[in-house]
Amino acid sequence: MRVDIPEEYTIFGKILKIGTFVGIGILIVSLILYLINAPSYISLENVIKTWDLPVSKFWEVNTGKGYGGLSELVNIQYSDNIGLIGVAILSAVPLIGLLAILPKLNLVYKILAILVIIESLIVIIKPV
Amino acid sequence: MDPILWLLVLFIFSLAIGILAPLAGVGGGVLFVPLSAAIFPFNIDFIRGAGLALALTSALSSSPKLMEEGLANLKASIVIAVVSVASAIAGSIIGLWVTNKIPQGKYYIYLTLGIVILLIFLVMLKGRVEFPEVKKVDSLSQKLGLYGSWYEPSLGKVVEYKFTRTLHSIPAFIGVGLIAGMFGLGAGWANVPVLNLLMCAPIKVAVSTSMAIIALNTSAALWIYIIKGAVLPLIVIPTVIGMTIGSRIGAMLTVKARPRVIRIIVLVILLVSALVNIHKGLHGLGMV
């Protein structure tokens, strides 16, 4: 026996499923690249030597400058950045899911979902 | 240690946590963060980044099925996410600010993390109500249409439920989001009692809806860690993959194993890691 599930639930669930599959798939590719010693943005030896430092210091020591935020993700020639793209996709999945179900929601929920989307987008576009 | 060996150690570590967590009925992040902080040399910033990635992945993996079955209430998740996403973002910003701007900041985080884990330990000891009785639905929950139903195989019938006290639960979810972002925890340990005991959701609905809330919360908080560079692929990749595989094995074993014994083991692990983190914090601050 099954209960009637609203369409927005099914759409949201489907997007989470596909997004998770893609995100984890990219993480596996990145792991394989690590195992075959593909070049990484920061050498693995240096990562291990400095991973006890706070994040700001870690990037200062390893790159001579701070971390460049989202712009660092464009360097997809490095195995570690490919992994980061996988994590970024996983982080974007719930947001994409909310965007996809917007037309299916009633006005109150549309407003609430837009609020959640705006909160997340502010962080992505203009981080503190 | 060789980087490849680290990948292997982290994979096995998170695989083990992934197997244990579902058997004990806790989220992987709650075990991963305090244990890693207690035993591994990584900075707490990178541990919290990995903790959020773990919590997000397990919430993303389990939510679709729970939604298809009608157990996870998406409407309630959206209502709660409006406040908890904002507080999770604030928690992430404050958490990274403390470790990067305050001298000895990481020791304050160790100390408070230990205290939070002690709190989780106490929350886990408290009982839950399988089918709470809703005497009166408040007007806000009614206007928002916070109800649903699912087919419960153990009863052989469709169970209907209603949420109540939505407004009263908001401060609790603000606190939960703040803690989740600050310490990199999924916070199902706090969502579930609020949904179950305060909002009167049946336990299965509370656990499932909590997963949808975690997916929305942690995804926003994780962006802060990604943008600040606190997600180290060398740590995150093997742990996420290990945990994903481990939790599937754990879910299968739940049918055969004796969860009570495992739950006690996990409670002891939580207690010990809380005490180690508190000691680490106090020691670093020169208090012991």
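**Note on helix packing, serines and aromatic pairs in a predicted model**

1. Helices α4(B) and α9(B) pack at an angle of about 35°, with their axes 8 Å apart. Axes here are lines fitted to C-alpha atoms, for helices over the stretch in contact, and angles run from 0 to 180 degrees between N-to-C directions. Helices (H or I, at least four residues) and strands (E, at least two) are DSSP runs, numbered from the N terminus. The crossing of α4(B) and α9(B) is right-handed; a crossing is called right-handed if the near helix is turned clockwise from the far one by less than a right angle, and left-handed if anticlockwise.

2. This is a predicted model, in which local features need pLDDT of at least 70 and side-chain atom pairs count only at pLDDT 80 or more, while totals for chains, interfaces and linings use all residues. Residues are numbered from 1 along each chain as its sequence is written, chains are lettered from A and ligands numbered from 1 in the order in which they are written, and side-chain values use heavy atoms, with hydrogens and water left out.

3. On the α4(B) side of the contact with α9(B), the residues include B:Ala76, B:Ile80, B:Ser84, B:Ala88 and B:Leu96. On the α9(B) side they include B:Thr209, B:Ile213, B:Asn217, B:Ala221 and B:Tyr225. Contact means heavy atoms within 4.5 Å. By class, this contact has 15 nonpolar, five polar and no charged residues. Ala, Val, Leu, Ile, Met, Phe, Trp, Tyr, Cys and Pro count as nonpolar, Asp, Glu, Lys and Arg as charged, and the others, Gly among them, as polar.

4. Among the residues that make the contact are B:Phe46, B:Ala53 and B:Ser61 of α3(B), and B:Ile235, B:Met243 and B:Arg248 of α10(B). The contact residues divide into eight nonpolar, four polar and one charged.

5. B:Ser61, in helix α3 of chain B, is partly exposed, with a relative accessible area of 31%. Buried means under 20% relative accessible area, exposed over 50%, and partly exposed in between (1.4 Å probe, protein chains only). Leaving aside neighbours within four places in sequence, B:Ser61 is in contact with A:Thr20 and B:Arg248. The side chain of B:Ser61 also reaches the backbone oxygen of B:Thr57 at 2.7 Å. B:Met211 is 150 residues from B:Ser61 in sequence and 9.4 Å from it in space, C-alpha to C-alpha.

6. B:Ser87 is in helix α4 (residues 74-101) of chain B and is buried, at a relative accessible area of 6%. A polar atom of the B:Ser87 side chain lies 2.9 Å from the backbone oxygen of B:Ile174. B:Ser87 and B:Gly177 are 90 residues apart in sequence, with their C-alpha atoms 5.0 Å apart.

7. A:Ser91 sits in helix α4 (residues 79-101) of chain A. The residue is buried, with a relative accessible area of 1%. Not counting residues up to four places away in sequence, A:Ser91 touches B:Leu56, B:Ser219, B:Leu222, B:Trp223 and B:Ile226.

8. Over all chains there are 16 aromatic pairs. Rings of Phe, Tyr and Trp (its six-membered ring) pair if their centres lie within 6.5 Å; planes under 30 degrees apart count as stacked, over 60 as edge-to-face and the rest as tilted. A:Trp59 and A:Tyr67 form a tilted pair, 4.4 Å centre to centre with 45° between the planes. Both A:Trp59 and A:Tyr67 are buried. The pair of B:Tyr161 and B:Phe163 is edge-to-face because the planes stand at 85°, with the centres 5.7 Å apart. B:Tyr161 and B:Phe163 are buried too. One aromatic cluster consists of A:Tyr41, A:Phe58, A:Trp59, A:Tyr67, A:Tyr78 and B:Phe46.

9. Two backbone angles deserve a look. B:Gln104 is not a glycine, yet has a positive phi of about 60°. It lies in the loop between α4 and α5 (105-125) of chain B and is partly exposed at 43% relative accessibility. B:Cys200, also a residue other than glycine, has a positive phi near 65°. B:Cys200 lies in the loop between α8 (188-198) and α9 (203-227) of chain B, and is buried at 8% relative accessible area.

Technical notes: A polar contact is a pair of N or O atoms within 3.5 Å; within protein, one must be able to donate a hydrogen and the other to accept it, and residues adjacent in sequence count only if both atoms are side-chain atoms.
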